[in-house]
Amino acid sequence: MKFRKEFDSIGKINVPNDKYWGASTQRSKKYFDIGEFLVRPVLIKSIAIIKKAAAIVHRKEKQILPQTSKAIIKASNEVISGKLNSHFPLKVWQTGSGTQTNMNVNEVIANRAIEILGGKKGAKKPVHPNDHVNKSQSTNDVFPTAMHIAISIETKNKLLPALELLNKELKKKVSKFRKVIKVGRTHLQDATPLSLGQEFSGYQSQLQDCIIRIKNALNEIYFLAQGGTAVGTGINSKKGFDKKIIKEIKKITKLPFKPSKNKFASLAAHDEIVNFSGTLNTTAVCLMKIANDIRFLGSGPRAGYGELILPANEPGSSIMPGKINPTQSEAVTMVCVKVIGNHNGITMAGSHGHFELNVFKPLIAHNILQSIDLLADSSKNFGLYCIKGLKADKIKIKQYLNNSLMLVTALAPHIGYDNSAKIAKLALKNNTTLKEEALKTGLITEKEYNKIVDPKKMINPS
């Protein structure tokens, strides 16, 4: 491997000649070689969007030469497109402000821009990573701005469409199962009847509310810290720069970003992301309930509840022939546990904003973007490969319903709670039907019993 000498304020260091990164990145590779997780490409893309927007503003304001701006914009576009992904080698676990990642982007864009202009990589001429690419910026406002941009992009383009897909499939089941009357269950014990459609309407309503919560929380994410520079004062930037750069970011992303109402808060705390993560946490709780119910209702096929027939996507056992498992539900529930864990990490990290800066930014970014990614993928798969192909075992459902002791609840208004309870207990003890025991009491005739104890009449208010 051939190397070139690059330098920073610490001194000179060898950098692989085929890479666009510079001295700061090379040092970070050495000193923060922790774990396997790299900074996510969408975060790199978001930082490059900021660099492009800044170059546009600086050209309009005549603060950098037109050819310098043009080269920075071209290099930024290559980063945004993913063309230069191999030049971003840094791990998540680095400085808590994300300085090395910001410098990684600055260096890659600067060296690529130098190359575009016919210069020599590492020379810092005619494009300097700090003086030109990072002009009017600090990592302390770039990184939180990039976090918000990345969250917004991933939520709008990936998470919300995936949740809407799952919501759509649940809605179809609400309609399809509306006439399938089944026994209800509370405390894992038999309860009064409801329709399978009503049961699924509960799932669908839960998810719909989660989607609304996420959209509402996203409105806070649209406020950007850019323009606050080092501590929130905007030092080394021109007046109005925040509004101008965010206007350009809006054009590039086509998302409704706005300047932060208070840049001191935006640098020192990340309450908006903690709140947004809270909506993902709630969504994980919602999906955990839905996925668990579906796998329990699909348990069997002969020694479980067996009310639902799950799609057979793949063999379920390496030793038991013909076994099918609720694998989509299992995947979703594992994702939910991870998202809940990520939220706990974000909560702790969000609480560690000391004075003018929160230095848990890379952790917060990693956790929130991972949660968005996992929830999106698992929700899409759950909708397509489980809910879509789900069927009701109407024979099994009818058997359970007809054998349910809690149908006796319909008799209570007519013969009283105590008499109804006595009938249910006798039917259980004697292994007989409710009807047999009810008629033995003489409190009700067969005609009256047949009219009152009708499951179809028991799934709505009388």
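These notebook entries record what I looked up about a hairpin, several salt bridges and a charged surface patch in this structure.

**Entry 1, the model.** I noted at the outset that I am working with a predicted model.

**Entry 2, the hairpin.** I began with strands β3, residues 181-186, and β4, residues 189-195, which pair in the antiparallel sense over six bridges. The two strands form a hairpin with two residues between them, and in the turn I found histidine 187 with a positive phi of about 55°. Looking across the pair, I saw that arginine 185 stands opposite aspartate 190 in β4.

Aspartate 33 and lysine 91 meet through their side chains in a salt bridge, at 2.7 Å from N to O. This pair links distant parts of the chain, 58 residues apart, since aspartate 33 is in the loop between α1 (23-31) and α2 (41-60), while lysine 91 is in the loop between α3 (66-81) and α4 (99-116).

Glutamate 78 forms a salt bridge with arginine 112, and the closest N and O atoms are 2.7 Å apart. Here too distant parts of the chain are linked, with glutamate 78 in helix α3 and arginine 112 in helix α4, 34 residues apart. I checked the cover of this pair and found both glutamate 78 and arginine 112 buried.

**Entry 4, a salt bridge within one helix.** In the next pair, the side chains of aspartate 293 and lysine 289 meet in a salt bridge of 2.7 Å, N to O. Because these two residues are four apart in helix α10, residues 271-297, about one helical turn separates them. Aspartate 293 counts as buried at 19% relative accessibility, while lysine 289, at 37%, counts as partly exposed.

Which lysines gather in a patch of positive charge on the surface? I listed Lys247, Lys250, Lys258 and Lys261. Of these I followed lysine 250, which has its place in helix α8, residues 241-253. Lysine 250 has 39% relative accessibility, so I recorded this residue as partly exposed.

How values were computed: Residues are numbered from 1 along each chain as its sequence is written. This is a predicted model: local features need pLDDT of at least 70, side-chain atom pairs count only at pLDDT 80 or more; totals for chains, interfaces and linings use all residues. Side-chain values use heavy atoms; hydrogens and water are left out. Two strands pair if DSSP finds at least two bridges between them. Patches are made of residues with over 30% relative accessible area and no salt bridge: like charges are joined within 9 Å, nonpolar side chains (Val, Leu, Ile, Met, Phe, Trp, Tyr) within 5 Å. Accessible areas come from the Shrake-Rupley method with a 1.4 Å probe; for residues, only the protein chains shown count as cover. Lys and Arg count as positive and Asp and Glu as negative; His and the chain ends are not counted. The place of a charge is taken as NZ of Lys, CZ of Arg, CG of Asp or CD of Glu. Buried means under 20% relative accessible area, exposed over 50%, partly exposed in between (1.4 Å probe, protein chains only).
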